[in-house]
Amino acid sequence: MKFKSSDFMFQLFALLGAIILVHAIYVAIIRPNADALIQEQLAREAAGETYIQQRSMYIVLRDYEQEACFVLMLWATAIMGLKARRSMRERKLLDQALLNVSEGTPILPEDARDLSRPIQALPEEERNFLLPRALLTALQRFGSTRNVAAVSNSVKEVCETEGDRLDSELAMVRYITWAIPSIGFIGTVRGIGEALAQAHRAVEGDIAGVTVSLGVAFNSTFVALVISIVIMFFTHQLQLMQERLVLDTQNYCDNKLLRFLKVS
């Protein structure tokens, strides 16, 4: 419960931080430069000047839909960074000798309690990691059942449960990945609606407003899709890291514990 509470608080503060940071950049840099470029282009068109319109990133990024997409991108990145950091910390335990068992030495049910003590002496946070939980569960099951098959099943159950938990915790990241293109499409609808509302002015020869509105439509979709591709890449990398952690933990239990178990 404590871990879930700290996770929720981190996500909340990460969202607030992303909103503040992105909005500050937009207010201070992106929108002032984009508005200046748009005013310059409108002034040239009003003067009848012939020029080649340059595509500026300030104009591409200026609208509210793009700002929302960047907020969600930073939020998802912070969540994935936290989970990746935890997975890397758990992976470090796989390099430690948590069980003091020499090669060829059998482990009897009477030895389970002594082997559990070094694991129980770990700091509380590390004790809640997957590998210590799997080892403790296996040793306790072996001491109580004296059945190697039951121990193997218990390790498998712990790893499968952890895999399901890690997968469910990515639900928020998957939602953000879905929401980013949706926000881009909202910008597309808004831009096209504004362009249609100014169609009568385009018939009269003033296409400046229609051009700006269509720019909103296409730019928001373009930015949202690019960000979505990036977030999906890192999401799959994180999921792969977590799946490897679960599989390597199960292999660790097989190689460092299960193959030494003996029932006298």
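Helices (H or I, at least four residues) and strands (E, at least two) are taken as DSSP runs and numbered from the N terminus. By this reading, the protein has 10 helices and zero strands, and its order along the sequence is α-α-α-α-α-α-α-α-α-α. The model is a predicted one, in which local features need pLDDT of at least 70 and side-chain atom pairs count only at pLDDT 80 or more, while totals for chains, interfaces and linings use all residues. Residues are numbered from 1 along each chain as its sequence is written, and side-chain values use heavy atoms, with hydrogens and water left out.

The pLDDT, the predictor's confidence in each residue from 0 to 100, averages 85 for the protein, and 86% of the residues score at least 70. Confidence is highest in helix α3 (residues 64-93), at a mean of 94, and lowest in helix α9 (residues 199-203), at 57.

Of the 264 residues, 39% are buried (under 20% relative accessible area, with exposed over 50% and partly exposed in between; 1.4 Å probe, protein chains only). Among contacts (heavy atoms within 4.5 Å) between residues at least 6 apart in sequence, 80% join residues at least 24 apart.

Helix α1 (residues 2-46) holds L16, which is partly exposed, with a relative accessible area of 42%. In the loop between α6 (130-145) and α7 (148-169) lies R146. Although R146 is not a glycine, its phi is positive, at about 55 degrees; with 38% relative accessibility, R146 also counts as partly exposed.
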